[in-house]
Amino acid sequence: PWTQLILDHPELTQSDLNLSAQARSALSLTWLALALVEVGFWWPQARLAALASLAASLAVSWRYLAWLARMRGFGFALACVPLHLLYQVYSGVAAIVGVARYGMRRMTGH
């Protein structure tokens, strides 16, 4: 539903919630890291690039992670990092599915 709202009314959602440039950058960098991990099976140097991409994704998300550290401590923020990265992956999948469903609805008129 969120993706459909964005596609139906892009003027209303340019910087809401997870649509900021920072959030989109973090998501893109996380997905790039996943792709580089895959490439790393054939080209080992890509693994270093995957780590750099993950580090960049976390650097882009530093405000959120710093907020977690202020609220619950550094250990809590550190424990949240894998969940935050999982959220980035899930958000990318959800966006892809949402765009596909939107396209299907437009093509079928439903």
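Here is a walk through the structure, from the overall fold down to a handful of single residues.

Keep in mind that this is a predicted model, in which local features need pLDDT of at least 70, side-chain atom pairs count only at pLDDT 80 or more, and totals for chains, interfaces and linings use all residues. Residues are numbered from 1 along each chain as its sequence is written, and side-chain values use heavy atoms, with hydrogens and water left out.

Let's start with the fold. The protein chain has five helices and zero strands, where helices (H or I, at least four residues) and strands (E, at least two) are DSSP runs numbered from the N terminus. Read from the N terminus, the order is simply α-α-α-α-α. The radius of gyration is 16 Å, well over the 13 Å that the globule rule gives for 110 residues, so the protein chain is more spread out than a compact globule. That radius is taken over C-alpha atoms, and the rule is 2.2 Å times the number of residues to the power 0.38. Along the principal axes, the C-alpha atoms fill a box of roughly 50 × 40 × 20 Å.

Now for the surface. Of the 110 residues, 23% count as buried. Buried here means under 20% relative accessible area, exposed means over 50%, and partly exposed is in between (1.4 Å probe, protein chains only). As for charge, the mean positions of the 8 positive and 4 negative charges sit 9 Å apart. Lys and Arg count as positive and Asp and Glu as negative, while His and the chain ends are not counted; each charge is placed at NZ of Lys, CZ of Arg, CG of Asp or CD of Glu.

What about contacts? Among those between residues at least 6 apart in sequence, 54% join residues at least 24 apart, with contact meaning heavy atoms within 4.5 Å.

The largest nonpolar core has six residues in all: Leu-65, Leu-68, Ala-77, Cys-80, Val-81 and Leu-85. Helix 4 (62–72) and helix 5 (74–108) each supply at least two residues of this core, and helix 5 gives the most, with four residues. Such a core is a set of buried Ala, Val, Leu, Ile, Met, Phe, Trp, Tyr and Cys residues joined through side-chain atoms within 4.5 Å. Zoom in on Ala-77 and, setting aside residues up to four places away in sequence, you'll find it touching Leu-65, Leu-68 and Ala-69.

Leu-48 is exposed, at a relative accessible area of 62%. From Leu-48 to Leu-36, 12 residues away in sequence, the C-alpha distance is 8.7 Å. Ala-49 also has its place in helix 3, and at 32% relative accessibility Ala-49 counts as partly exposed. Ala-49 and Ala-33 are 16 residues apart in sequence and 7.4 Å apart, C-alpha to C-alpha.

Still in helix 3, we come to Ser-57. With 0% relative accessibility, Ser-57 counts as buried. Its contacts, not counting residues up to four places away in sequence, are Ala-26, Leu-29, Thr-30 and Leu-85. The C-alpha atoms of Ser-57 and Ala-26 are separated by 4.4 Å, although the two residues are 31 apart along the chain.

Finally, two threonines. Thr-3 lies in helix 1 (residues 2–8) and is buried, with a relative accessible area of 16%. Leaving aside neighbours within four places in sequence, Thr-3 is in contact with Ala-94, Ala-95, Gly-98 and Val-99. Thr-108 belongs to helix 5 and counts as partly exposed, at 47% relative accessibility. Between Thr-108 and Gly-92, 16 residues apart along the chain, the C-alpha separation is 24 Å.
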